[in-house]
Amino acid sequence: MSPNPSARRPDSGPTLTKVWPGNSYPLGATYDGGGTNFAVFSEVAEQVYLCLIDESGAETRIRLDEVDGYVWHAYLPTVSPGQRYGFRVHGPFDPAAGQRCDPSKLLLDPYGKAFDGDFRFSQALFSYDLKAAADDPAETGTPPMVDSLGHTMTSVVINPYFDWASDRAPRTPYHETVIYEAHVKGMTQTHPGIPEELRGTYAGLAHPAIIDHLKSLNVTAIELMPVHQFLHDQRLLELGLRNYWGYNTFGFFAPHNQYAANRQAGAAVAEFKTMVRTFHEADIEVILDVVYNHTAEGNHLGPTINFRGIDNTAYYRLEDDDLRFYKDFTGTGNSLNARHPHTLQLIMDSLRYWVTEMHVDGFRFDLASTLAREFYDVDRLSAFFDLVQQDPVVSQVKLIAEPWDVGEGGYQVGNFPGLWTEWNGKYRDTVRDFWRGEPATLGEFASRLTGSSDLYEETGRRPGASINFVVAHDGFTLHDLVSYNEKHNEANGEDNRDGESYNRSWNCGVEGPTDDPEILALRARQMRNIMGTLMVSQGTPMIAHGDELGRTQQGNNNVYCQDSELSWMDWSLADKNADLLAFTRRATQLRKDHPVFRRRRFFEGRPMRRGDELGDIAWLTPSGREMTQEDWGSGLDKCVAVFLNGDAIHEPDARGERVVDDSFLLCFNAHEHDVNLVIPDGDYAQQWTAELDTTEPNGASERVVNAGETITLPARSLLVFRKTL
């Protein structure tokens with residue numbers, strides 16, 4: 001059935017003098033310096049109206065009579081940037097057939113470059129009777145036809161022109177990249193060096209105080225948690241919470257307006273571009289965490305914001321046996337239909353827009369396995385991967401997959417195509433297990449330390465394909481990883497049921513806060529062990545914001561709804577935990593200074609030249625001899641030394657020259673007791689000097705050891721020695 005239009009006449013409001021046919025491409029609202037072209041796709045629409053909203057909230061409806069390839073369009077020569085607008089789509093409302101058109105809803109532009117206002121949750125946002133659904137959620141009935149104007153946000157025409165000056169993309173190779181995952185608001189909200197009016201904003205993130213901090217950590221790329229325009233869930237708002245993380249997108253082309261210091265309609269776009277330009281001036285790349293797997297409209301009980309009311313079957317995966325309901329591979333209520341050509345176009349157009357118009361340097365794809373589901377299984381040859389592979393713009397930036405979703409067969413670490421890098425969940429799990437002393441992890445630890453060739457080499461990828469991380473936004477902070485055995489998420493209002501229950505964490509003997517100096521010292525050393533391991537591992541390291549300061553979330557491992565001091569960075573920790581900050585800077589500098597820790601190619605285990613006695617890597621037992629197959633198979637030893645040969649780096653540098661570096665000896669002891677370790681004989685080196693020592697609060701050490709000498713490697717420690725003779 002097709003519901004009747006709302007009471008307001010389609011031609012009500014001020015009369016426009018000119019409406020030209022316009023063009024079907026590009027989609028969205030495009031200002032060309034004279035007027036604005038509007039275009040929106042809907043295959044099911046019977047009629048579409050463009051709705052212009054003035055400053056008072058009055059609406060002018062313009063019937064779109066031009067339709068090409070299911071794209072409805074018009075050009076308005078009198079419309080300029082700052083104009084608020086939306087669409088009303090007349091068509092079938094038949095949930096059993098998968099159709100949910102509702103012209104009482106002012107629909108946001110799927111290609112909107114900016115949005116204004118906010119949502120006011122009420123019956124007006126929903127295309128079903130809320131009271132009826134409370135009794136039977138499956139039978140939502142006919143739409144009550146309550147106009148959403150005044151309750152929803154509006155799309156905004158933007159000015160696309162911006163002075164990029166001499167902006168240049170850093171294009172840092174993966175093997176030289178250090179990623180810093182950050183939240184726009186959380187990173188800046190409490191920083192004393194940022195003016196209050198800029199805290200929590202794009203402008204605040206680009207402030208010299210933040211730039212200087214990142215440069216001191218040798219960070220080359222900042223990975224921003226979602227900045228696409230998102231919605232705060234009604235359930236969270238009713239609990240006094242917010243969708244802090246932002247994984248609830250409805251505007252894939254627009255920077256989230258609440259992160260803009262300038263709150264004028266559309267101003268977020270220029271502020272975001274200024275931020276990117278500023279990061280590029282500091283030679284720091286900007287990577288966006290993007291959420292193309294689902295939208296903020298949720299399941300069949302969610303609001304009608306845009307996609308649902310424009311063309312439900314085109315944009316969403318529906319259950320085959322009951323089209324009223326949505327397939328959910330994400331745990332959020334719906335999954336975007338990446339099999340449909342117009343939905344694929346939306347995703348690719350969005351990616352290109354952020355590269356070409358917003359100048360970002362790459363993307364981290366949330367729950368990326370969902371995008372590769374052609375039917376039920378995750379398909380490496382899916383249309384989405386094909387489009388990315390051949391795209392001359394998107395294929396040339398950093399593409400990072402979160403290689404899993406919540407559907408069956410969704411864990412796909414190591415299975416993405418050659419262009420892609422991946423969050424290496426196996427690295428995270430293995431390093432956590434090794435340092436908390438789990439048995440039988442040494443062989444796995446060796447694979448992860450050397451770049452995970454078992455996962456990436458067969459697809460032609462190199463160590464940089466492994467995005468190495470131990471901590472990310474989702475889960476415990478580094479401090480909490482060594483301070484809690486159990487999650488403590490009571491503040492989220494779900495009786496501690498949310499969040500991962502198996503964290504591979506260890507509280508070092510006491511759950512949560514303690515005054516015990518021995519436990520505090522052990523926790524501090526464990527944080528240094530993990531951070532140090534991250535920086536001497538082959539691959540691309542990622543630091544979670546605040547871990548260099550020892551940030552805590554008080555045991556909450558799922559702060560997605562906590563927009564408060566619990567989730568924000570506490571910058572006072574820079575003084576309190578100055579040693580940890582100094583250690584992190586020392587570890588990242590060590591990595592930056594020495595290419596042996598960031599090789600472009602995998603180790604080969606052989607000498608570089610004929611006649612050389614030493615290969616590029618050697619694994620040594622505490623007795624100083626090379627490990628045998630039996631040693632690897634024992635499953636008991638938690639102590640190992642690793643020789644990295646700086647004279648046997650097989651790949652050339654960017655100019656084709658041979659890469660030569662110092663040689664290093666990495667000494668790991670994850671035992672709960674000290675271990676006597678014999679420094680290997682003179683074939684490796686005559687003398688070694690410590691460059692990083694996790695038994696020291698700031699990692700600094702001037703310890704010198706000689707070949708054949710027996711040293712005590714303290715319990716749960718990492719020592720990095722450099723060959724000096």
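Which residues does Glu651 touch, not counting residues up to four places away in sequence? That's the topic of the first close-up, and like the rest of the views here it comes from a predicted model.

**View 1. Glu651 sits in a loop and reaches a backbone nitrogen.** The answer is Arg599, Arg600, Arg601 and Val659, leaving out residues up to four places away in sequence. Glu651 belongs to the loop that links strand E25 (639–644) with strand E26 (664–669). For Arg600 there's a polar detail to look at: its backbone nitrogen is 2.8 Å from a polar atom of the Glu651 side chain. Glu651 has a relative accessibility of 4%, so it counts as buried, the cut-off being under 20%.

**View 2. Arg84 makes a side-chain contact with Asp116.** Arg84 is part of strand E7 (residues 84–90). The two side chains meet in a polar contact of 2.7 Å. Around Arg84 you'll also find Cys51, Leu52, Ile53, Glu55, Thr154, Ser155, Val156 and Ala265 among the residues it touches, again skipping those up to four places away in sequence. Is Arg84 buried or exposed? Its relative accessibility is 16%, so Arg84 counts as buried. For a sense of scale, Ile194 is 110 residues from Arg84 along the chain, and their C-alpha atoms are 32 Å apart.

**View 3. Five strands line up in an open, antiparallel sheet.** Reading across, the order goes E4-E3-E7-E11-E10. Strand E4 (59–63) and strand E10 (115–116) are the edge strands, each pairing on one side only. Look for Asp116 here, standing opposite Thr154 in E11. Both Asp116 and Thr154 turn up among the residues that Arg84 touches.

**View 4. E1 and E2 fold into a hairpin.** Strand E1 (residues 28–31) and strand E2 (residues 36–41) run antiparallel, joined by four bridges. Four residues lie between E1 and E2, and in the turn Gly33 has a positive phi of about 100°.

**View 5. Two aromatic pairs meet edge-to-face.** A search of the whole structure turns up 43 aromatic pairs. In one of them, Tyr353 and Trp354 are edge-to-face, with 6.1 Å centre to centre and 85° between the planes. Tyr353 and Trp354 are both buried. Then there's Phe434 with Trp435: the ring centres are 5.1 Å apart and the planes are at 80°, so this pair is edge-to-face too. Phe434 has a relative accessible area of 1% and is buried; Trp435 is buried as well, with a relative accessible area of 1%.

**View 6. Charged side chains sit over aromatic faces.** Which residue lies over the face of Trp423? It's Arg364, at 4.0 Å from the ring centre. Over the face of Tyr174 you get Lys398, at 5.0 Å from the ring centre.

**View 7. Two domains, for orientation.** The protein is divided into domain 1 (28–157) and domain 2 (604–723). Taken over C-alpha atoms, the domain centres are separated by 63 Å.

How values were computed. Residues numbered from 1 in each chain as written. Predicted model: local features only at pLDDT ≥ 70, side-chain atom pairs only at ≥ 80, totals over all residues. Heavy atoms only, no water. Domains from an automatic or database assignment. Pairing = 2+ DSSP bridges. Helix = DSSP H or I, 4+ residues; strand = E, 2+ residues; numbered from the N terminus. Buried < 20%, exposed > 50% of the residue type's maximum accessible area, 1.4 Å probe, protein only. Polar contact = N/O pair within 3.5 Å; in protein donor to acceptor, adjacent residues only side chain to side chain. Contact = heavy atoms within 4.5 Å. Phe/Tyr/Trp six-rings, centres within 6.5 Å; stacked < 30°, edge-to-face > 60°. Lys NZ or Arg CZ within 6 Å of the ring centre and 35° of its normal.
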